[in-house]
Amino acid sequence: MESIKIKIENFSAWYGEHQVLKNISFDIYKNKVTAIIGPSGCGKSTLIRCINRLHEVVPQTKINGKIYIDEKNIYDPDVDPMEIRKKVGMVFQQPNPFPTMTIFDNVAIGLKLNGLRDKKQIYEIVIQALNEAGLYEEVKNKLDAYATRLSGGQQQRLCIARALALRPEIILFDEPCSALDPISTAKIEDTIVKLKENHTVIIVTHNLQQAARVADYTAFLFLGELIEYGPTNSLFTAPKMKKTEEYIRGVFG
Amino acid sequence: MNRKLKDKIFRFIIYISVCVVVFVFLFITIYVVYKGFSSINLDFFIRLPKPVGEKGGGMVNAIVGSFMIVCLAALFSVPLSILTGIYLSEYKNEKFANVVRSALEILSGVPSIIIGIFVYGLVVVPMKRFSLLAGSIALSIIMLPLIAKTTEEMLNMIPLSIKEAGLALGLKKWKVVFYILLNTAKPGVLTGILLSLARVFGETAPLLFTSFGNRFWHRSILEPAAALPLQIFVYAIAPYDDWNRQAWAGAFVLIVLVCILIFLSRRLILKYK
């Protein structure tokens with residue numbers, strides 16, 4: 001029996017006057033990978049940016065509706081967005097390590113700035129995070145090299161390690177492989193699948209094969225509306241909605 | 001006229017211009033080195049100026065004075081101007097930010113002698129004394145717009161996703177700004193600081209009626225103090241050969257210092273490339 005980690009309920013979001021999400025409701029299951037697919041501009045990225053409350057840092061945005069994590073609405077007025085962001089890690093579309101920091105510091109900085117002082121403990125968590133991100137073996141001899149020395153794929157795995165260091169329960173991936181070559185992509189997909197053991201993973205992608213490979217559940221968004229949501233297998237092989245079928249067949253998108 | 005000939009003429013004009021620029025640089029440097037190097041000796045770095053009429057002596061008080069004035073100026077202006085740069089970059093759309101931006105632009109265009117007069121009126125007259133402190137206040141005003149502008153530009157160059165990565169780690173905005181954005185902008189900001197130091201090291205006009213100059217040691221920052229450019233000015237226009245000689249030595253030291261600062265700033269840029 002699968003338990004619900006995130007419950008999205010009648011959720012809408014705007015950039016200025018433009019409504020990007022229209023009354024979306026669905027449940028995301030614990031320790032599963034959920035993919036969000038759909039054509040460019042359908043609101044995929046906005047949706048996950050609402051799950052860690054990053055949408056609101058852009059001026060003139062607003063939201064309406066509720067998102068529950070473990071049955072607590074994260075948009076309740078008593079919720080501190082910083083606490084949500086620690087619980088919900090994020091990996092971005094372009095690899096964005098902090099360029100003037102070393103590989104080690106890139107992973108440690110979140111811990112340090114969130115108040116962890118114990119050097120030994122920081123070291124252990126950093127190594128563990130690098131391991132989980134599948135990067136440790138490649139960088140173990142150059143932890144004090146600048147992050148910009150790494151290849152694009154390594155930088156993206158460093159960003160995964162940076163997010164993992166805070167021990168988040170949920171990890172959001174915003175098209176994490178769109179700037180990477182196929183080999184780097186494969187490594188990151190491996191990592192994503194391993195992560196679901198201890199995390200709930202949500203990945204935005206416009207690569208349908210990627211969704212099919214990594215995701216247990218898939219949601220199809222079109223023009224800000226949730227068209228279809230279900231187990232990846234049935235969504236790809238027997239879509240219920242005509243729009244979904246057309247998108248999967250490549251009629252548009 | 002055919003295409004190739006036009007290309008050749010154009011290249012010729014470019015090369016001539018470049019040669020003129022390089023020649024001016026080389027001429028100044030070689031002339032100062034030639035004149036200064038022969039006059040420089042150990043006494044120059046360790047002795048005070050001799051009384052008028054006596055040969056020898058040095059500029060140790062001016063060298064130390066210059067360093068103290070510039071360091072104190074940096075101490076005043078670096079924190080202020082970095083915070084101003086942060087404000088301009090983080091709140092770029094506020095109306096007041098535009099006011100600040102214009103003010104800084106005007107300030108960087110104000111002739112340095114006017115800044116000297118301003119500090120004379122504001123610090124020297126009320127305190128009833130020329131002082132090293134007044135000199136560093138004048139120089140810090142000159143550094144302010146330079147560093148603030150560089151900080152703003154460097155912060156503006158950072159992609160938005162770096163900032164969002166910081167926020168996504170659950171950090172408060174001020175922590176993201178101070179520990180992540182400022183860190184990312186660090187090479188550029190430090191370069192800006194070094195270049196502004198190089199600039200004010202040679203400033204003479206604002207020191208004329210603030211730190212004033214001194215033929216002896218200043219015993220505190222509240223006393224008039226010697227500075228290299230001031231000493232060069234006084235010695236260069238004096239009717240004594242020995243003083244003229246020492247002025248060249250001072251010019252030489254000043255140019256070497258500026259070269260070192262510029263060299264350091266380039267090293268810094270390369271380090272993070």
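The buried residues of helix 5 of chain B pack against helix 6 (132-156) and helix 9 (205-208) of chain B; helices here are DSSP runs (H or I, at least four residues), numbered from the N terminus. Those buried in helix 5 are I115(B), G116(B), V119(B) and V124(B), where buried takes 20 or more other C-beta atoms within 10 Å of a residue's own, exposed 12 or fewer, and partly exposed falls in between, with C-beta atoms placed from the backbone. This is a predicted model, in which local features need pLDDT of at least 70 and side-chain atom pairs count only at pLDDT 80 or more, while totals for chains, interfaces and linings use all residues. Residues are numbered from 1 along each chain as its sequence is written, and chains are lettered from A and ligands numbered from 1 in the order in which they are written.

Helix 5 of chain B also has a kink of about 40 degrees, centred on Y120(B); the bend is the angle between axes fitted to the seven residues ending at a residue and the seven starting there.

Over in chain A, L208(A) sits in helix 8 (residues 208-214). L208(A) counts as partly exposed because 17 other C-beta atoms lie within 10 Å. Leaving aside neighbours within four places in sequence, L208(A) is in contact with I37(A) and I248(A), contact being C-beta atoms, placed from the backbone, within 7 Å.

As for the two chains together, 19 residues of chain A are in contact with 18 residues of chain B. On the chain A side, helix 2 (81-87) and helix 3 (103-113) are the elements giving two or more residues, and helix 2 gives the most, with 4 residues.
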